[in-house]
Amino acid sequence: MKKYFSLEFLRFLSSFSVLMYHYRHFFLPANILSNESYDNLQINLPFFNFFDFLYEYGFYGVHIFYTISGFVFAHVYLELKDNTSFKEFSVNRFARLYPLHFATLLIVAVFQLLFLINYGDFQFDYINDIYHFFLQVFFISSWGFEDGHSFNAPIWSVSVEIGIYLIFFLLIKFFKKYGLNFCISLTIFLIIIDKFEIYESLFLECARLFFSGVLVFYIIKYKIRSLVIFSLSLFLIIIAFLGNFKTFIFCPGLILLFLSFENLITQEKIKNIFMTLGNWTYALYLLHVPFQLILIFSLQGYFNILNIFSDSVFFFIYFASLFLISHLVFILYERPLNKKIRRKFFN
């Protein structure tokens, strides 16, 4: 099946943007042990002049993830001639997502307990009780049963996405039967619900982004010339910034922009680099909060004196370490368990 290397690179950039936004976790009010407030210190953060947009708006990387997911799922499942069973669909998702989720959940739970024992409070203002632990275990931490973010909080977006995956699976037969017309109708329906404030929820916002990615798939499927795709992407991105910022227009526009360069990625070395960066994405997303907890707990006696988290050397070491750890986790943990789980269910 065709790989879109441009989107692998975009996945990595999106993940990096979220990590940049969450760099604020090292300071007050997120870091309960710090004497430095993020709001007062932010202009002095490492390379702020270069990364100021990501420090402030990096959370939009999550929105881009949803749209990429919609495109990838459409590419994988709508191109298949045979129907995919619910078992196959569910096992594939479980094998890919759950092992690292459960491992990082346990790490965060241990270190949050250590913070509570030693300092009388949890880090990052998350809810870390037994009830929310079991919501996390069952991957439903953002299905409306929660009282707020808990434990490894970034997993909220994956929790919501699992619900959207299930809806997508139920709609596969309609996509295959009615194709682009059904996708356009669904997109319009979701936009109308939002514009007329018929129903408002985080789940609905994420669903709009996901199915906008499916719409991009249909656009690409018609094999339009790269120049036309590039022009369309610029048009959508400009429209997204007119008036209120519109993520459900910006994200598909951005994906189209990257896809317009897909044919230029011809060297195997570049393809391998982009694939490797894409492989790191899930690990980077789930590992950065537990890694931050470990660093803060380990360095708590030094960072107020040395102002370590504002130092550019620490910045480089932090991200280089995350990249290395994510690479090793993918190679030694994610990929082997993924294969093992699939073999167990399908052999």
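This is a predicted model: local features need pLDDT of at least 70, side-chain atom pairs count only at pLDDT 80 or more; totals for chains, interfaces and linings use all residues.
Local features are reported where pLDDT is at least 70 and side-chain atom pairs only at pLDDT 80 or more, whereas totals for chains, interfaces and linings use all residues. Residues are numbered from 1 along each chain as its sequence is written, and side-chain values use heavy atoms, with hydrogens and water left out.

Four salt bridges were counted, each requiring a side-chain nitrogen of Lys or Arg within 4 Å of a carboxyl oxygen of Asp or Glu. In one of them, the side chains of arginine 96 and glutamate 334 meet at 2.6 Å, N to O. Because arginine 96 belongs to helix H5 (residues 86-119) and glutamate 334 to helix H13, this pair ties together parts that are 238 residues apart in sequence; helices are DSSP runs of H or I with at least four residues, numbered from the N terminus. Both arginine 96 and glutamate 334 are buried, that is, under 20% relative accessible area with a 1.4 Å probe and protein chains only, where exposed means over 50% and partly exposed lies in between.

Within helix H1 (residues 5-21), glutamate 8 and arginine 11 stand three residues apart, about one turn of the helix, and form a salt bridge whose closest N and O atoms are 2.8 Å apart. Glutamate 8, at 13% relative accessibility, counts as buried.

Helix H8 (residues 202-221) is largely enclosed by the rest of the structure, because 14 of its 20 residues are buried. Just after H8, lysine 223 adopts a positive phi of about 55°.

Definitions and conventions. Helices (H or I, at least four residues) and strands (E, at least two) are DSSP runs, numbered from the N terminus.
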